Structures are given as C-alpha cells and as structure tokens.
Amino acid sequence: MSEYTGDVTLNGGIETPVRMSGLEDMYVQPDSIDGDLDLRNVEYVFTGVPITPAADVADPVTDITGTLEDGYTEPDGVHGDLAVGTAEDVFIAHGAVDGALSARGPEQVFDAGTSDAPSRDPATYDVTVSGWQQQREVTDPNTGVVLSGCQSTVNVTGATGSVSCYLIGTNNELIVRGDAAVEVHIVGRDNRVDLGPYIDVDTAVETGFDNTIDVQPFPADDLIETTEDEAYSAVTFGRAKVTYQSVAEDEDWCRGCGEAADAIIERQQKEAFFILGTPIITYEEGGGSYECEHCAHSAPDTSLTPEERREIF
Ligand SMILES: [Zn+2]
C-alpha cells in the first residue's frame, strides 16, 4: 500500500488492478482504461461510456490511498482494471473505458448512452488540455479540442472548417472564434462555451447540468454594402437617385424571408436634389426591401437565431 498526497495521475506506469480511494473528483480521459472501471462509492457520475453492471475488478495490486485530491487517468494510462473506492464527482469521457463500467449506488448518474456519441472519437482530437486551472491558446485546430478537468480556459482563434469540442468536468470555459461549423459535447456541470458570430453550431449535447453555450449574434453591419452617408457623399450636385442599406433595429424577424434573425437590414432609396452630399429637396424615398443573415446575397449561412439558441439544451 502506498500513501499519496494531492492530485494523482495515472499515466501508464502502474501495475493493475488499481484501486483509488478517498478522491475528491476524478477525470477519466478518452482512451485511458483498457480494462474495466468499477465505481464503488461515488456521488455523481457524468459519463459518455454507458454503464453496464458487469465490471469485475479483482483485488488490487496497486492500492492508492492517502490525503488525495483529484484523480486523473491519461490516455493509455491504465493497462487493466481500475476500482474507485470513494470519490465525489466522476467524469468519464466517451471511449474512455474499453471494458465494462459499473457504478454501485451513486447518488445520481448522467449517462450520455450510445446515441449521443460525438461524430469523431475524442481520442483523435489534436488538442487536449487536462488539469486544474489550465490556460491554453489554440489557433485553428485540425479536428478538435478536448478540455478535461476543472476551472480551465481554452481560447480557440482562427477556427475553420469543422471543429469538435469536448468538455469533461466542471467550471471550464471554452471560447471559439473564427468561421467554422462546431460540434459541442459536454459531460459535466457548470461549463461554459462561448462561440463567435461566424460559428455555426452543428450539434450540442449536454450530459450533466448547468452548462451553457452562448452564441454571439451576427453583426448587422456585415450585411451593409453602402451606408446612407456613403450614398449621399457620392453626389456633389444635382438631382440623383441613391440607394443604401440601414440596420432595422427593431425587427426580430426578417420580412424578406420570414425567418427569425439577429441581423436585419432594410434597403432604402431616395431621389433628391443634392448639394455637396446633402439632400436639399426630396422627390421620392422609400424602403421596404429587407434582408437578413440567412437570405442576404452577401452573407454566409451562419449563426443561430435567438430562439434556436435558447433551445440548444
Ligand atoms: Zn431574411
């Protein structure tokens, strides 16, 4: 028996079966246990691996006790079986356990089951951040980001194409900026995902509670090709017909296409007599042609409407 203090990380160099007892929280990363995982006396279980009653873990060869804080299993970290004697919250990623997973008498289980699996295996994502209060800057990930642990922040910039985001644990924050389609899976509680205005949410799955995804609204200014001032200043003297676009501030839905929208513009025209860019006499003016981020000719198809945003979870 070994006495340990603080956080314990299992990274492959231990004899199995292993037993860990007296943990606070435990984070089981993708592809980390190639045997069974038996949770014997834990409070909350948040899992992407379906719970089956068949885990059969023999008496431990390695027994980890002491004054423990959090436990982590790294990818390829446990060659054999692991039993967790006591722990508070246990967070288990999709694909974390090759064998059976059992949980005896937990207070509550949040189980993603098999239907809510990510489209790509989190073990294959190119960025992994694990631990407590980690900070990481990431530019244009190829496949995705795994954020595992507690109170960590990952700031992704320049995201393009299709990006998967996988959060396991509590109180983490993931910020994504760029122009990309994003898949979000959260296994845990009190995590926050903040997505920029040009990010499209493909899929959002929550296994747990009190997680949020905020999507920044599409900026209406992006849809404007010519402002009123620009249209006027192009005319120095004489009668002219100008066209411009303005933001329709008070509209919640687009009269052009009928969809609820973040960004709505109105196309306007004015025929007037101008002197040095100022209309002196107006002969005719009007608007009434509306466009939004969904139907504007110049805009990419992007962003959720406020209604869709509320319905993410
Ligand atoms: Zn529209």
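Q: Where does UniProt place the feature "domain: DUF8108"?
A: The unreviewed UniProt entry puts "domain: DUF8108" at residues 230–296. The model here is predicted. In it, the span 230–296 is 6% helix and 57% strand, and its end C-alpha atoms lie 20 Å apart.

Q: In what order do the strands of the open sheet run, and how are they paired?
A: Strands of a sheet pair through backbone hydrogen bonds, either parallel or antiparallel. Here an open sheet of three strands has the order β19-β20-β21, and the pairing is antiparallel.

Q: Which are the edge strands?
A: They are β19 and β21, each of which pairs on one side only. Neighbouring strands of this sheet are turned by 15° against each other on average, direction ignored.

Q: How many bridges join β19 to β20?
A: There are 11 bridges between these antiparallel strands. In one case, S246 has E266 in β20 as its bridge partner.

Q: Which protein atoms are the donors of the zinc ion?
A: The SG atoms of C254, C257, C292 and C295 are the donors, and they lie 2.3 Å from the zinc ion. Along the chain the donors follow the spacing C-x2-C-x34-C-x2-C.

Q: Which parts does the pair C254 and C292 tie together?
A: C254 lies in the loop between β19 (237–247) and β20 (264–275), while C292 is in strand β21 (residues 278–292), so the pair ties together parts that are 38 residues apart in sequence.

Q: Are C254 and C292 buried or exposed?
A: Both C254 and C292 are buried.

Q: What do the angles say about the site of the zinc ion?
A: Ideal angles at a metal are 109.5 degrees for four tetrahedral donors. At this zinc ion the angles among the four donor atoms are 105 to 113°, and the site is tetrahedral.

Q: How many disulfides does the count come to?
A: A disulfide is a covalent bond between the sulfur atoms of two cysteines. To be counted, the two sulfur atoms must be within 2.5 Å. By this rule the count comes to zero disulfides.

Q: Is C150 buried or exposed, and is C165 buried or exposed?
A: Buried means under 20% relative accessible area. C150 has a relative accessible area of 10%, so C150 is buried. C165 is buried as well, with a relative accessible area of 1%.

Definitions and conventions: Residues are numbered from 1 along each chain as its sequence is written. This is a predicted model: local features need pLDDT of at least 70, side-chain atom pairs count only at pLDDT 80 or more; totals for chains, interfaces and linings use all residues. Side-chain values use heavy atoms; hydrogens and water are left out. Donors are N, O and S atoms within 2.8 Å of the metal (3.2 Å for Na, K and Ca); water is not among the atoms, so sites may look incomplete. Four donors count as tetrahedral if all angles lie between 85 and 135 degrees; four count as square planar and six as octahedral if opposite donors are over 155 degrees apart and all others between 65 and 115; anything else is irregular. Helices (H or I, at least four residues) and strands (E, at least two) are DSSP runs, numbered from the N terminus. Buried means under 20% relative accessible area, exposed over 50%, partly exposed in between (1.4 Å probe, protein chains only). UniProt positions are given in the numbering used here, feature names are shortened, and annotations may be inferred rather than shown by experiment. Two strands pair if DSSP finds at least two bridges between them. Axes are lines fitted to C-alpha atoms, for helices over the stretch in contact, and angles run from 0 to 180 degrees between N-to-C directions.
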